[in-house]
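Welcome! Please take a moment to look over the sequence and the model before reading on.

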Amino acid sequence: MNIFDMTIHELHGALKGKQLSSLEATTALLKRIESVEPQIGSFITVTAEQALAAARSADQRIARGEGTTLTGIPLALKDIFLTEGVRTTCGSRILSNFIPPYSAASWEKLRDQGAVLLGKLNQDEFAMGSSNESSAYGITRNPWDTSRIPGGSSGGSAAAVAAGQAIATLGTDTGGSIRQPASHCGCVGLKPTYGRVSRYGVIAYASSLDQVGPLTRDVADCALMLEAVAGYDPKDSTSVDTPVPDYSAALAGGVKGLRIGLPKEYFIDGLDPDVQKAMTAAIDTFRRLGAEFVDISLPHTDYAVATYYLIATAEASSNLARYDGVRFGHRAQADNLLDMYTKSRSEGFGTEVKRRIMLGTYALSSGYYDAYYVKAQKVRTLIMNDFISAFTGVDVMLTPVAPTPAFKIGEKINDPLQMYLSDIFTIPVNLAGTCAMSLPAGFSAEGLPIGLQLIGKPFGEETILRAGYAFEQATEWHTRKATL
Amino acid sequence: MKMTIADVEQVARLARLELTAEDKELFAGQMDAILGYVEKLKELNTDGIVPTSHAVPMENAFRADVVRPSIGLEKALANAPEKTGTFFVVPKVIE
């Protein structure tokens, strides 16, 4: 087996058993990055020298017998995570020269375990997009078919895992930005419950929806990464002070008697036939494993995309007000302060970011605030109530992640509304604030990965991991590799 | 509703953005389409529904009122486009 294709648990075993060193593993990953990066474009910044230094010190730590699960494991981060001393762009020109003075709490937790940072991954600018086409640093291509998008906004995070460029990665998910690219690239991606993982040091897009989560090669790795980053952080006032379970220990329970809900609004006529086929087969697998299926309804599903694009853009317009050229980031030359703000922002932001700032500003502006923003917040309550009431009868829900497999590069770039609608099955989970995981569940006739979404109750990550693990043990989809 | 170029210009002013003539044209059409789509929320009766601003029910998150180290002046100013001594420099505000 190629070192660069190993999972965390496999590589950890090899490091512990001294069959491999972190230096060898890190070198193999850096070589792989160099060879496939021209085809894929997962990275904005590769931190080769720092990675080799971190690998050497991880090897010493392991030699002293002080290694933990992630010691010496080569990982990479979406470029939305602040990394002290390493440029962090968030996919935007406006941060092209930004060197953070501190690191994201989630990265600090991984680094403290001795994880090795390979670099910073490409993404849609400020996490606004579903295709990784809005990055100021070039597009990312899908490793399974390089004429297609990897999904977004954590497109680099998913493509890197699929292309053998990192053992695992972290991404963020505001409306599906971990799950949709995981689905399109054939990896596992989990959006934890709102408040489960600290967002300290993560560049904000829509603060009532953003959440940090892992992208990995299998469910066991997903549990390992979640357990490493989850937990209360006094520096993030929205993080929730509830104990972190041993997610790895929760994997093995099986699904006998598990009640799985099938929300009828997610199995619509327009669903791609290959996606439909994969869902039907997945349902059969779960049934064979002893799970029970219940037909349920989430009646306000059809209003979720509209609700999301009012709330997310309103919050974005407010969050992105800080990019004014005063304290950091790009500054345009101007004679007066107002011109400096306006020119710095106009030169620094790309089209999709401007479009969302415009929409959000409009939704919050005087005369429209109640009709748009408050109305959307009220519909959000109805959507949350849908989930609360459906979860009284089921333990988890099973749905597709995306209505189609990965689309072609350029296909939706000129039609933002069509692009927004590709997130129709992932957005409601963010609005409800609960957790969900995407995992490989099949391939289209053209050989493109298709993901399955398991939605859990708030702080029900253990249950979706357990169900996902049982499914994974019974199928072989996650073992297939993109040929590059 | 129809988004005019003047509407787009007004929103851009509020957002501190300067748009090209091309972008104004583009955004007017696209914002029209998107705002037309979100009109569907009006189908729902939301009388008496409490708006949700935050998914997890939470009281104010207070921390202990204790002085702790912060990143310090040097780091805070390290990314400044222009600085002097311990200050960020900006174009003159008051004539």
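## About the model

This is a predicted model, in which local features need pLDDT of at least 70, side-chain atom pairs count only at pLDDT 80 or more, and totals for chains, interfaces and linings use all residues. Residues are numbered from 1 along each chain as its sequence is written, while chains are lettered from A and ligands numbered from 1 in the order in which they are written.

## The largest nonpolar core

The largest nonpolar core has 174 residues. Such a core is a set of buried Ala, Val, Leu, Ile, Met, Phe, Trp, Tyr and Cys residues joined through C-beta atoms within 7 Å; buried means that 20 or more other C-beta atoms, placed from the backbone, lie within 10 Å of a residue's own. Helix α9(A) gives the most to this core, with 10 residues. (Helices are DSSP runs of H or I, at least four residues, and strands are E runs of at least two, numbered from the N terminus.)

A:Leu75 is among the residues with the most contacts inside the core. Its partners include A:Leu110 and A:Val116, not counting residues up to four places away in sequence; contact means C-beta atoms, placed from the backbone, within 7 Å.

## Helix α4

In chain A, α4 spans residues 105-112, and A:Trp107 and A:Leu110 are among its buried residues. Their cover includes β2, β4, β6 and α7 of chain A. After α4(A) comes A:Gly114, with a positive phi near 95°.

## Where chain A meets chain B

Here 53 residues of chain A are in contact with 39 residues of chain B. On the chain A side, α12(A) provides the largest share, 10 residues.

Methods
Buried ≥ 20, exposed ≤ 12 C-beta atoms within 10 Å, placed from the backbone. Contact = placed C-beta atoms within 7 Å.
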